[in-house]
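Hi,

Here is the model I promised to pass on.

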Protein chains: 2
Amino acid sequence: MDAMAEITIQQVAQAAGVSPSTVSNLLNGRAHRMLPATRHRVEKAIERLGYRPNRAARQLRTGRTQTIGLVVPSVGNPFWGAFARHLESAALAEGYHVLLCNSERNPERERHYIDELWSDGIRGVVLCSSLPSLDHVRPLIERGLQLVTFDRAAQAADPESLVSISVDNVVGMHLATTHLIGLGHRRLAFVSGALGSVNRKDRYRGFVDALELAGLPADSAAVWSGASAEWFGDVEAAELGREAARELLSGDRPPTGIVAVNDMCALGVCRGIRDVGLRVAHDVSVVGFDDIVLADLYDPPLTTVRQPSPQLATSAFAELKARVENPGTTPGRSLLVRPELVVRESTAPPPSHP
Amino acid sequence: MDAMAEITIQQVAQAAGVSPSTVSNLLNGRAHRMLPATRHRVEKAIERLGYRPNRAARQLRTGRTQTIGLVVPSVGNPFWGAFARHLESAALAEGYHVLLCNSERNPERERHYIDELWSDGIRGVVLCSSLPSLDHVRPLIERGLQLVTFDRAAQAADPESLVSISVDNVVGMHLATTHLIGLGHRRLAFVSGALGSVNRKDRYRGFVDALELAGLPADSAAVWSGASAEWFGDVEAAELGREAARELLSGDRPPTGIVAVNDMCALGVCRGIRDVGLRVAHDVSVVGFDDIVLADLYDPPLTTVRQPSPQLATSAFAELKARVENPGTTPGRSLLVRPELVVRESTAPPPSHP
DNA sequence: GATCACTGGTGTAACGTTGCAACGACCATA
DNA sequence: TATGGTCGTTGCAACGTTACACCAGTGATC
C-alpha cells in the first residue's frame, strides 16, 4: 500500500474546469451564485473523484468544529451508555460528532480530557463530572469554552455562563424515600459510593429531608458510602452495593428498606440481599435511581426514580449547540427536571414483626 | 463574552524570545537540540500562557491524527458500553482519542459515519458492524483507511489488509447449546434478531452444529428471529427476547431450553418466562452470550458465554495503532479468541415429564 | 454613448503548525 | 591560519480550505 494522496479541492476544481473558490462556494451553501451548468459540472467532479473536504484544513481556516466533547463517568454504566447514545443521535441529526471521554470519576483524568478537547479545537463540552468545583475548567471557560453540565445542579460559585441540566436529585430521592416510608418502613439505609459529587450529595439530602419530614431521626438510618474508596467507578457500583447489603443486613437492627444512589448500585444491593438468604421486596425493599433499561427486566422489576435520559440528552445538545454557534449571546441558566418515581416490584411493606 | 483569540506558537516563541521553530522542536520531542536554559524559558512561557497546540493545524501539516473512530451498534447495550470504555482507556494510554459512532445497526448510518471519519482525517477505525459485506468501505480502504473489525469473523471476500478480532462465535454457541443438551434438554430454541450479521449467522451455526452433533434433528428446534424487523437495535434486544419467550412458551411443544443471541436478549427472555408464569431454570433454562456485568447480578445469575472484552478491546486498539502509524507493513490477519462458558444458575435439567 | 448595477466567477492571503535547509558561532584539528 | 565539524537556532514554504475583494461581461437607465 502506497502513501495515499488525498483528493483536494484543487483537483476537483481542475476536473470541473473552475477555480477552487467556486467549488468552495458550492460546498458552503452558495450554490445560487453560479450557473446551474457550472454547479452540475462541479457536483459531477466531486462525485467522480470521491472528494471529501479535509476537515482539519476547514477547521483551521474557519475556527469552527462540528465536534463536541462528552465527558461521562463511564459508558460501562448503562445509564451513561444510554445517555451517550441519545446525545450522539441528537448530534448526528445536526451534523455534529461526539468525542467520547470516560473520566472514570478521576478528577485528574477529567482535567486532562478537557484540556485535550480544547486542543482539538472543541469549544463545546457536555460535562457529566459532578465534581463540586469547576475551578479546573475556569481558565478555559474564560477563553470561550462552552460547558453544559449534566447531572450536577448549578452551584453558587459556578462560572456565570454555565448551563446546567439535571434531574432534581433532591426531589427524586425524596420521592423514593417517602415511598418506602409510606409502605411502613422505619429502618432505612442509604447506599452510595463516597459522597464526593454534587448529585450524590443532593440525593443524600433528599433522603435525609424525607426522613426528617416523617419525623424519623436522621441518625436512625444507616449510611453506607464505601468508606474505603475515595471514588468508585460506575461499574463497580454494583459490587459496592452488593457488599453494602451483606454488611448492613448482617448487623444488628438491619434496615428493611434500602435506597441506592443509582440503579447499578441497587442491582448490586439486590444481589447482596439474596447472598444472605433474604428476598428482595418480601424481606427488604430496594429502590434505585436512573431507570436503566434493565430495571424493568430485573427480577423483581426494580422500583426506581426515572431520569428521562433521551429528553435530557436532547436538551443538553440543543443548549450546547446554540451556545457554540453563537457564543456570548445567551446567559447561563439551569434546567432542573422533576423526576418521576416508577413503582415496580422491588418495594413492598416491611415484613410484619414477629 | 468576546471572540477569544487563541494562543499560538508564535506568541509563545515571542514570550520566550525564541523562534516558533524552537518551540515546535520542544513540542515534538527534539528538546535535546537546545540549551537547557532555552528549554526552560520555553517551558515557562508555555505554562504561563496556558498554550495548547492547535490540533487542526498540526494535523493539516503532518497529515496525522491522534484520533480513531469507533463504530458500534449502540453503547446503550452494556456490552458495547463496556467495550467502548476499554477501548477508550487503551487509546488514552497512548495519547489517542476516540470518536464514538453508534450505527444503530443501520447500514446507511454506518456508511455515512465511515465517510465522515475519513473526512475528519481519521485513518483508523474499529468497526463493530457485522455487515456481511465490506463493499461500502472498500474505496476508502484502498485509499489507506485502516480497519479493524470486531465481532465479525473474517470473510473470504474481505479486503486483504483487514484485521479482524473476534470471539469464536460458532464455538461459543456450540458450547452453550451442548451445555443445555448435556443437562438433558431436547426441545431447544434459538432467539435472535434478524440473522443479517456475520456474528449472528455464526452463532446460529454453532447452535445448529451442536444440535446435529447430538443427533437432534435441526428442524425440531424453534428459531425465533424477529421476523418483523429488518434489524433491531441492541437495546430493543431485550424487548424482542421477551416477546419471543412469550410466544414460544405459549405454543405447542414449548422449548425447555432457550439460547439467546446475546445477554440483553437473554435477560428479555427471562422476563418473558416470568410473564407467562414460569420460572427460569426450574421450568426453562436460558443461556446468553457476552457476559455483561449484569449477567452475574441477575436473579437467577445468567449462564452465558463470556467475551473477554477488556482484552479484546486492548488488542483491537494495539492492532489498529500499529497499522495507522505504520501503514502497509503488516498483512491482514484474523484473531479468533476461544470464548468460555460461564455456568451460573439460569440453566438446570429440564423439568421431569409428568 | 456614458454610467450604473448586477451576475458569475476568480485571485489571494491567511489560519497555526512543522521539518528541512541553512545559518553563524564555536572548537578542534592540521 | 585555513578547514571541517558540531551545536543551537532560525527562515521558509507548505498542508487544504475559505472569505473577502475584485474583475470582466451584460443589460438597463439616463
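How many disulfides does the structure hold over all chains? It holds 0, where a disulfide is a pair of cysteine sulfur atoms within 2.5 Å. B:Cys128, for one, is in no disulfide, and the nearest cysteine sulfur, in B:Cys101, is 11 Å away. B:Cys128 is also buried, at a relative accessible area of 1%. (Buried means under 20% relative accessible area, exposed over 50%, and partly exposed in between, with a 1.4 Å probe and protein chains only.) B:Cys265 is buried as well, at 0% relative accessibility. The closest cysteine sulfur to that of B:Cys265 belongs to B:Cys270, and 10.0 Å is too far for a bond.

Some housekeeping before the rest. This is a predicted model, so local features need pLDDT of at least 70 and side-chain atom pairs count only at pLDDT 80 or more, while totals for chains, interfaces and linings use all residues. Residues are numbered from 1 along each chain as its sequence is written, chains are lettered from A and ligands numbered from 1 in the order in which they are written, and side-chain values use heavy atoms, with hydrogens and water left out.

On to the two chains. Chain B superposes on chain A through a rotation of 180 degrees with 0.0 Å of shift along the axis, at an RMSD of 0.1 Å. That is how a two-fold axis relates copies.

Now the cores. A nonpolar core here is a set of buried Ala, Val, Leu, Ile, Met, Phe, Trp, Tyr and Cys residues joined through side-chain atoms within 4.5 Å. The largest has 144 residues, and the members touching the most others are A:Leu70, A:Phe150, A:Val191, B:Leu70, B:Phe150 and B:Val191. Apart from that one lies another core of 36 residues, including A:Cys101 and B:Trp118. Beyond four places in sequence, the contacts of B:Leu70 (heavy atoms within 4.5 Å) include B:Phe83, B:Leu87, B:Val126 and B:Cys128.

Helix 10 (residues 236–250) of chain B is worth a look. (Helices are DSSP runs of H or I with at least four residues, strands are runs of E with at least two, and both are numbered from the N terminus.) This helix has 15 residues and spans 22 Å from its first C-alpha to its last, close to the 21 Å expected at 1.5 Å a residue; the expected span is 1.5 Å times one less than the number of residues. Its buried residues include B:Ala237, B:Leu240, B:Arg242 and B:Leu248. What do the buried residues of helix 10 of chain B pack against? Helix 12 (293–297) of chain A is one of the partners, and chain B supplies strand 6 (188–191), strand 7 (222–224), strand 8 (257–260) and helix 11 (263–275).

B:Arg246 sits in helix 10 of chain B and is partly exposed, at 34%. Beyond four places in sequence, B:Arg246 is in contact with B:Glu239, B:Gly272, B:Asp275 and B:Val276.

Last, some backbone details. Most residues other than glycine have a negative phi, and most peptide bonds are trans. A cis peptide bond joins A:Asp299 and A:Pro300, with omega about 0 degrees, and another joins B:Asp299 and B:Pro300, with omega about -5 degrees. A:Pro300 lies in the loop between helix 12 and strand 10 (303–306) of chain A.

A:Glu104 has a positive phi, near 55 degrees, and is buried at 10%. The loop between strand 2 (97–102) and helix 6 (107–119) of chain A holds A:Ser103, which is buried at 1%. A:Glu104 is found in the loop between strand 2 and helix 6 too. A:Asp290, in strand 9 (residues 285–290) of chain A, has a positive phi of about 130 degrees and is buried at 4%.

Cheers

Definitions and conventions: Least-squares fit on C-alpha atoms with pLDDT ≥ 70 in both.
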